[in-house]
Amino acid sequence: MSLHFELVTPARLVRSEDVYMVVVPGAEGEFGVLEGHAPVMSIIKDGALKVYRSAGAAPEEIMVEGGFAEVGDKGLTVLAERVVG
Amino acid sequence: MASLKELKGRINSVKSTQKITKAKQMVAAAKLRKAQAAAEAARPYGIRMAAVMGSLASKVAGQDNAPLLMRGTGSSQRHLLVVVNTDKGLCGGLNSNIIKEAKIQARALIAAGKDVSFYLVGKKGRAPIKREYPDLKADGFDTSTVRTPGFEEAGAIARELIALFEGGKFDVAHLIAPKFKSALAQDPVTAQLIPVPAPVAANDSGAVVDYEPSEAEILEGLLPRYVTTQIFGALLEREASEQGASMTAMDNATRNAGELIQKLTIQYNRSRQAAITTELIEIIAGAEAL
């Protein structure tokens, strides 16, 4: 019961791992993605991606700028223009 | 017959040239590895971007409200050729090959009665293109101010191109850039940049996808980014091609210099031997005369 999460920037593939949940700063509000989420495509705002490695764990925040998120059969893919820090 | 001193001078001069080409070859080899790694690292983004574009485009395609960047201006009269050249020389025939490809494209378009203008990225393309087409407009973008052009430069180029497009300065843009195959082969490739050609839709899973905000809006935001990605890819390919071509060219130059040194050395030794022999004969002849 895990979500495959990929974070890609033009420069490199930043993350590719299995996590519990990711909270994405969508253009129309934040949304959390768990395994089996319905397919969504959304533009993201500049902000923090919150990655929960396991249920109840403290989230790891990754600041991203400009891009979009896609949820499909293969999990969550975030294409960001830049990852800060 | 050149004098001994002259020969010695030439040998030394070729030796220093060889040192330079050898150094440049080693530098290019090191940089090539880095450039290839960068090109490799950028690939996942491009692939995913194309996949997303494909699925979006197939939904919006054919609708009248498709974004301008995808629909085009409806005319194909004015063409813009975006030519990506290197900033530095010493890379063999790379730049002249790119220019040749650009000229072929330009000639074909002009023969078909279209208007052609240029947008030149990189220093080495400016002079030859301006010489060939002195009265055609040729803007450019200078990438020589930064060491390795990255996504920011690509973004700046894309913004400028899109501004020109939206300002109605051209109808179709083509990107002419080298494609890195190996250190020995870098072929210039022409691809349509604007209007964005609809990528072939990836296998649609058939699932209903929620779009936030609407499909059209996402596409609108995505298209400039897609153009940027294309240009970024071209810049990376250019970097790898430049280093690859440079490595090969400098390797040849070093080898040629080595051959030349060998030939000159043999010539030098022969003349030296001849001079000694003449001197001996003179002495012996003098002694016999006594």
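Figure 1. Of the 85 residues in chain A, 33% are buried. The model shown here and in the other views is predicted. Chain A contains zero helices and eight strands, and its elements follow one another along the sequence as β-β-β-β-β-β-β-β. Chain A has a radius of gyration of 11 Å, close to the 12 Å that the globule rule gives for 85 residues, so chain A is as compact as a globular protein of that length. The C-alpha trace of chain A spans about 30 × 25 × 25 Å along its principal axes. If the contacts in chain A between residues at least 6 apart in sequence are considered, 43% join residues at least 24 apart.

**Figure 2. The hairpin of β3 and β4 in chain A.** Strand β3(A) covers residues 21-26 and strand β4(A) covers residues 29-33. The two strands run antiparallel and are joined by five bridges. Two residues lie between β3(A) and β4(A) in this hairpin. Within the pairing, V23(A) has G32(A), a residue of β4(A), as its bridge partner. In a regular strand, side chains alternate between the two faces of the sheet.

**Figure 3. Chain B, a chain of helices and strands.** Chain B holds six helices and six strands, arranged along the sequence as α-α-β-α-β-α-β-α-β-β-β-α. The radius of gyration of chain B is 28 Å, whereas a compact globule of 290 residues would have one near 19 Å. Along the principal axes, the C-alpha atoms of chain B fill a box of roughly 115 × 40 × 30 Å. Buried residues account for 32% of the 290 residues in chain B. Among contacts in chain B between residues at least 6 apart in sequence, 80% join residues at least 24 apart.

**Figure 4. The two domains of chain B.** Domain 1 of chain B consists of residues 4-21 + 250-289, and domain 2 consists of residues 35-248. The C-alpha centres of domain 1 and domain 2 of chain B are 53 Å apart.

**Figure 5. The five-stranded sheet of chain B.** The strands of this open sheet are ordered β3-β2-β1-β4-β5 in chain B, and their pairing is mixed. Strands β3 (138-141) and β5 (186-194) of chain B form the edges, each pairing on one side only. From one strand to the next, the twist averages 25°. Helix α3 of chain B, residues 94-111, packs on the sheet. The strands that α3(B) touches are β1 (78-84), β2 (115-121), β4 and β5 of chain B. The direction of α3(B) makes about 155° with that of β4(B).

**Figure 6. The pairing of β4 with β5 in chain B.** Strand β4(B), residues 172-180, runs antiparallel to β5(B), and eight bridges join the two strands. One of the residues in this pairing is L175(B), whose bridge partner in β5(B) is A191(B).

**Figure 7. The surroundings of R147 in chain B.** R147(B) is located in the loop between β3 and α5 (151-166) of chain B. R147(B) counts as exposed because it has 7 C-beta neighbours inside 10 Å, and a residue is classed as exposed at 12 or fewer. Between R147(B) and T190(B) there are 25 Å in space, C-alpha to C-alpha, and the two are 43 residues apart in sequence.

**Figure 8. The contact between chain B and chain A.** Chain B contributes 21 residues to the contact, and chain A contributes 21 residues. On the side of chain B that touches chain A, the elements giving two or more residues are α1 (4-60), β6 (210-212) and α6 (215-289) of chain B. With seven residues, α1(B) gives the most to this side. By class, the side of chain B that touches chain A comprises 15 nonpolar, three polar and three charged residues.

**Figure 9. Strand pairing across the two chains.** Strand β5(A), residues 40-44, pairs with β6(B) in the parallel sense. Three bridges make up this pairing. M41(A) has Y211(B), in β6(B), as its bridge partner. Strand β6(B) is also among the elements that give two or more residues to the side of chain B that touches chain A.

Technical notes
Residues are numbered from 1 along each chain as its sequence is written. Chains are lettered from A and ligands numbered from 1 in the order in which they are written. This is a predicted model: local features need pLDDT of at least 70, side-chain atom pairs count only at pLDDT 80 or more; totals for chains, interfaces and linings use all residues. Domain bounds come from an automatic or database domain assignment. Two residues are in contact if their C-beta atoms, placed from the backbone, lie within 7 Å. Helices (H or I, at least four residues) and strands (E, at least two) are DSSP runs, numbered from the N terminus. Ala, Val, Leu, Ile, Met, Phe, Trp, Tyr, Cys and Pro count as nonpolar, Asp, Glu, Lys and Arg as charged, and the others, Gly among them, as polar. Two strands pair if DSSP finds at least two bridges between them. Axes are lines fitted to C-alpha atoms, for helices over the stretch in contact, and angles run from 0 to 180 degrees between N-to-C directions. The radius of gyration is taken over C-alpha atoms; the globule rule is 2.2 Å times the number of residues to the power 0.38. A residue is buried if 20 or more other C-beta atoms lie within 10 Å of its own, exposed if 12 or fewer, and partly exposed in between; C-beta atoms are placed from the backbone.
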